[in-house]
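Please look over the sequence and the structure below before reading on. The briefing that follows takes up the model topic by topic.

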Amino acid sequence: MATTGNQEWAMWANEHAFISGIVMIMGGITGSIGFDGAQFAYYSIAAGVLVCFLEYARSCRRKGSIVERRFQSYLHPILHFGSPVLTSYYFRFILYLALCIPCAFQLPTLIGGISLLLAALIYFKAALGGESWSSINMHRRRRSTRTAHPPTHPPPRPAPRAANESVDLHGHDNHGVVA
């Protein structure tokens with residue numbers, strides 16, 4: 001049996017659950033307009049907002065690096081306040097498993113519910129692998145991909161070839177005569 005190596009499943013689960021929450025919100029909005037069972041649509045909207053709230057803050061990787069989402073540092077104290085419940089991947093597995101069941105009763109919310117079920121299974125895989133949610137250092141700032149100052153030196157370029165160079169690389173001049 002092949003091993004998974006250093007695969008970090010929690011990162012995949014975080015992105016998948018966040019997108020699942022957005023799909024649940026969109027499915028709930030669609031389901032509340034002209035579909036039977038509007039209560040399932042309203043539930044899907046509320047559950048999608050809860051999932052997006054829990055998943056907006058990304059966890060640190062094992063080596064400590066992170067690509068933060070904008071304003072996620074404001075959610076870290078809330079997640080730490082709910083620790084260890086909100087930061088447990090076993091809890092997220094059970095919560096998302098329970099949240100996805102009512103989404104199966106209406107067609108527009110079904111895709112969001114199935115997607116959240118997959119995210120719950122990925123979180124279960126991460127929890128079995130011993131991964132846990134950890135926040136970045138509270139004093140660390142958001143990394144910017146933009147440079148603060150423009151470059152001061154131009155990039156290196158090859159020297160321009162002389163226009164009147166009469167011998168090419170093989171020792172031939174421009175008229176086919178060997179030099």
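Two rings of Phe, Tyr or Trp, the six-membered ring being taken for Trp, are called a pair if their centres lie within 6.5 Å. By this rule the count comes to six aromatic pairs in what is a predicted model. The protein has five helices and zero strands, and its pattern, read along the sequence, is α-α-α-α-α.

**Aromatic rings**

- One of the six pairs is formed by Tyr89 and Tyr123, whose rings are tilted, with 4.9 Å from centre to centre and 35 degrees between the planes.
- Because Tyr89 belongs to helix α4 and Tyr123 to helix α5, this pair ties together parts that are 34 residues apart in sequence.
- Tyr89 and Tyr123 are both buried, and together with Tyr96 they form one aromatic cluster.

**Helix α5**

- Helix α5 covers residues 107-128, which is 22 residues, and it reaches 32 Å from its first C-alpha to its last, close to the 32 Å expected at 1.5 Å a residue.
- The buried residues of α5 are Pro108, Thr109, Gly112, Gly113, Ser115, Leu116, Ala119, Ala120, Tyr123, Ala126 and Ala127.
- When α5 is seen down its axis, these buried residues fall within an arc of 165 degrees, and so they line one face of the helix.
- On the other side of α5, the residues Leu107, Ile111 and Leu128 are exposed.
- After α5 comes Gly130, which has a positive phi, near 85 degrees.

**A charged pair**

- Side chains of opposite charge can pair when their charged atoms come close.
- In this model a salt bridge requires a side-chain nitrogen of Lys or Arg within 4 Å of a carboxyl oxygen of Asp or Glu, and by this rule the count comes to one salt bridge.
- That salt bridge joins the side chains of Arg92 and Glu55, with 3.1 Å from N to O.
- Arg92 lies in helix α4 whereas Glu55 lies in helix α2, so the pair ties together parts that are 37 residues apart in sequence.
- Arg92 and Glu55 are both buried.

**Cysteines**

- Why does Cys100 count as buried? Its relative accessibility is 9%, and a residue is called buried because its value falls under 20%.
- Cys103 counts as buried too, at 0% relative accessibility.
- A disulfide needs two cysteine sulfur atoms within 2.5 Å, and by this rule the count comes to zero disulfides.
- Cys100 is in no disulfide, and the nearest cysteine sulfur to it, that of Cys103, is 7.2 Å away.
- Cys103 is likewise in no disulfide, with the sulfur of Cys100 as its nearest cysteine sulfur, at 7.2 Å.

**The protein as a whole**

- Of the 179 residues in the protein, 32% are buried, and among these buried residues are Tyr89 and Tyr123 as well as Arg92 and Glu55.

Key:
Residues numbered from 1 in each chain as written. Predicted model: local features only at pLDDT ≥ 70, side-chain atom pairs only at ≥ 80, totals over all residues. Heavy atoms only, no water. Helix = DSSP H or I, 4+ residues; strand = E, 2+ residues; numbered from the N terminus. Expected span 1.5 Å × (residues − 1). Buried < 20%, exposed > 50% of the residue type's maximum accessible area, 1.4 Å probe, protein only. Arc of directions from axis to C-beta. Phe/Tyr/Trp six-rings, centres within 6.5 Å; stacked < 30°, edge-to-face > 60°.
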